[in-house]
Amino acid sequence: MLKKIFSIVIIINLISTLNIFAEQSGKGGAIESMEEHIKQNRNKSTNYRKGITHLKKAIKYQKKMKNEKANSYHKKAIDYFLAYNKEYGVYPDTLYYIGFSYENIDDINNAILFYQIGLELEPKNINMNKQLADIYIKENKITLVKEILNVLKDCNCKEYSEIKNKILN
């Protein structure tokens, strides 16, 4: 009986969180989205907050061209986000951050995998679609980029124009 109640509470939490992120997709960048998620989940997001902290540090060290230290923080952020997903369920935003970190440590296959899983949950997520399109452009997979453009064509966002301009050049 207790297991059923616990399962129902987790499912309700997952659905409500997915709805929140579906409403927020396209509002601001990665950092703003991270901060919003932390505000909404202060009590339960220990691993999430640690992941965000490590991701911010990784970005800071990347800007300073300290790539080894940045990579170390990206790897730690990945571990924290994976732990968060294991504990609270899979969320598109954490999948985005995991994919982002993998992309930054040049593990492109895992980056693509996590972006694709995230897009299974939230197909019109602008940030994940843009990151995935950028990877596909670098790998010269134009047909896959065009599929992403079809998904984003009604988004009325600057990312659509940016991706379209990249494949035209």
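Modeller: Start with how helix angles work. Axes are lines fitted to C-alpha atoms, and angles run from 0 to 180 degrees between N-to-C directions. Keep in mind that this is a predicted model. Helix H8 spans residues 142–152 and helix H9 spans residues 158–168. They pack at an angle of about 155°, with their axes 10 Å apart.

Biologist: What makes H8 roughly antiparallel to H9?

Modeller: Angles over 145 degrees count as roughly antiparallel. The angle here is about 155°. Therefore H8 is roughly antiparallel to H9. The crossing of the two helices is left-handed.

Biologist: Which residues of H8 and H9 meet?

Modeller: From H8 come Ile 142, Val 145, Lys 146, Ile 148, Leu 149 and Leu 152. From H9 come Tyr 160, Ile 163, Lys 164 and Ile 167. By class, the contact of H8 with H9 has eight nonpolar, no polar and two charged residues.

Biologist: How do you know that Cys 155 and Cys 157 form a disulfide?

Modeller: Look at the sulfur atoms. A disulfide needs them within 2.5 Å. Those of Cys 155 and Cys 157 are 1.9 Å apart, and the pair forms a disulfide. A search of the whole structure finds one disulfide.

Biologist: Why is the disulfide of Cys 155 and Cys 157 called left-handed?

Modeller: The torsion about its S-S bond is about -65°, so the disulfide is left-handed.

Biologist: Why is Cys 155 called partly exposed, and why is Cys 157 called buried?

Modeller: Buried means under 20% relative accessible area, and exposed means over 50%. Cys 155 has 26% relative accessibility, so Cys 155 counts as partly exposed. Cys 157 has a relative accessible area of 14%, so Cys 157 is buried.

Biologist: Now His 74. Where does His 74 lie, and what makes His 74 buried?

Modeller: His 74 lies in helix H4, residues 67–88. Its relative accessible area is 0%, so His 74 is buried. Setting aside residues up to four places away in sequence, His 74 touches Leu 55, Ala 58, Gln 62, Phe 100, Ser 101, Asn 104 and Ile 105. His 74 and Tyr 97 are 23 residues apart in sequence, yet 9.4 Å apart in space, C-alpha to C-alpha.

Biologist: And the whole chain? How many helices and strands are there?

Modeller: The protein chain has nine helices and zero strands. Of its 169 residues, 40% count as buried. Among contacts with a separation of 6 or more, 51% come from residues 24 or more positions apart.

Technical notes:
Residues are numbered from 1 along each chain as its sequence is written. This is a predicted model: local features need pLDDT of at least 70, side-chain atom pairs count only at pLDDT 80 or more; totals for chains, interfaces and linings use all residues. Side-chain values use heavy atoms; hydrogens and water are left out. Buried means under 20% relative accessible area, exposed over 50%, partly exposed in between (1.4 Å probe, protein chains only). Helices (H or I, at least four residues) and strands (E, at least two) are DSSP runs, numbered from the N terminus. Angles under 35 degrees count as roughly parallel, over 145 as roughly antiparallel, 65 to 115 as roughly perpendicular and the rest as oblique. A crossing is left-handed if the near helix is turned anticlockwise from the far one by less than a right angle, and right-handed if clockwise. Contact means heavy atoms within 4.5 Å. Ala, Val, Leu, Ile, Met, Phe, Trp, Tyr, Cys and Pro count as nonpolar, Asp, Glu, Lys and Arg as charged, and the others, Gly among them, as polar.
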